[in-house]
Every structure is written in C-alpha cells, then in structure tokens.
Amino acid sequence: MKIIKDNALWYLSTGLFHSKIKEMYIFFPDPWFKKRHIERRLFSAEFVKLLEDILLENGKLFFKTDDISYMKETLFYLAGSNLKPVLHPIIKSDIDGFPHTLFEQRFRQQGRKIYATVWEK
C-alpha cells in the first residue's frame, strides 16, 4: 500500500509512478469552490485517462466527497471513460471498503451529507 499526500495529477502524469494499481481511494479532494479555481480540481478528462492507464484490469476507484457539485462533475468525467460503476452514487454513513477519514468525521459532525461511488476498470 502506498499513501500519497501530494498533487496526484502531477505525480501520476510525470512518469514517477511506474506501477499498476488494484485500488485507488480518493476521499474529499479540494473542491476549489471559486469559479476561477475550478480548473484546479483533481477530476478532469486528463486525470480520468490517467486512472484508466494505471488501474489494473478489475481495478477499482473509491471516491467520497461532501460536495454534490463535485460529485456530479466527477461522475460526468467517469461516465465518459472506460470505467464502469460498481456502486452508483449514494449518501450513506457506512459503506463496505470505505475507511473513514478525519475530514469525514468533521463533516458528519457539521451535519453534511457524504456522497460515495465506486468504479471499476
């Protein structure tokens, strides 16, 4: 297992990452709310293409966010890929295979809804 606390798009696109991966967990990436910053969001056509390239066959992407607009945008990009939904977007407190993060605990205490989805190559 490798945990990367860095700019994932940069890390994956530089060629420094030479492995194929079985599972990728992306939980609560920065939604960059301001209109002028939206292009900084992690999910884009370019990032989804990288996911397609690095995921093993039957590899899975686990994704969670508290921002419904970010979830919708992410689903838009994923729907245009070769990945297939395993778990359609849901709002649920506990999902098998999803660890809880500190951000999630804080968001739940604030009464925010948590959106989750799983996609497979």
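Biologist: Let's say rings of Phe, Tyr and Trp, using the six-membered ring of Trp, pair if their centres lie within 6.5 Å, with planes under 30 degrees apart called stacked, over 60 edge-to-face and the rest tilted. How many aromatic pairs does that rule give?

Modeller: This is a predicted model, and by that rule the count is eight aromatic pairs. Take Tyr 25 and Phe 27: the ring centres are 5.8 Å apart and the planes lie at 75°, so this pair is edge-to-face.

Biologist: Is Tyr 25 buried, exposed or partly exposed? And Phe 27, buried or exposed?

Modeller: Tyr 25 is partly exposed, because its relative accessible area is 37%. Phe 27 has 18%, so Phe 27 counts as buried, the cut-off for buried being under 20%.

Biologist: What is the geometry of the Phe 43 and Phe 47 pair?

Modeller: Edge-to-face, with 5.2 Å from centre to centre and 80° between the planes. Both Phe 43 and Phe 47 are buried.

Biologist: Which charged ends sit over rings?

Modeller: The charged end of Lys 64 sits over the ring of Phe 27, 4.9 Å from the ring centre. The charged end of Arg 106 sits over the Phe 103 ring, at 5.8 Å from its centre.

Biologist: New topic. In the largest nonpolar core, which residues touch the most other members?

Modeller: Met 24, Ile 26, Phe 43 and Phe 47, in a core of 23 residues. Two or more residues each come from α1 (8-13), β1 (21-27), α2 (45-54), β2 (55-65), α3 (68-79) and β4 (115-120). The largest share, five residues, is from α2.

Biologist: What does Phe 47 touch?

Modeller: Leaving out residues up to four places away in sequence, Phe 47 touches Ala 8, Leu 9, Leu 12, Met 24, Ile 26 and Leu 42. There is also a second, separate core of six residues, among them Phe 62, Phe 107, Ile 114 and Val 118.

Biologist: Back to α2. Which of its residues are buried, and what covers them?

Modeller: The buried ones are Phe 47, Val 48, Leu 50, Leu 51, Glu 52 and Ile 54. Their cover includes α1, β1, β2 and α3.

Biologist: Which residues other than glycine have a positive phi?

Modeller: Phe 28, with phi near 55°, and Asn 58, with phi near 70°, are among them. Phe 28 is in the loop between β1 and α2, while Asn 58 lies in strand β2.

Biologist: Phe 28, buried or exposed? Asn 58, buried or exposed?

Modeller: Phe 28 counts as buried because its relative accessibility is 10%. Asn 58 has 52%, so Asn 58 counts as exposed.

Methods: Residues numbered from 1 in each chain as written. Predicted model: local features only at pLDDT ≥ 70, side-chain atom pairs only at ≥ 80, totals over all residues. Heavy atoms only, no water. Core = buried A, V, L, I, M, F, W, Y, C linked by side-chain atoms within 4.5 Å. Buried < 20%, exposed > 50% of the residue type's maximum accessible area, 1.4 Å probe, protein only. Helix = DSSP H or I, 4+ residues; strand = E, 2+ residues; numbered from the N terminus. Contact = heavy atoms within 4.5 Å. Lys NZ or Arg CZ within 6 Å of the ring centre and 35° of its normal.
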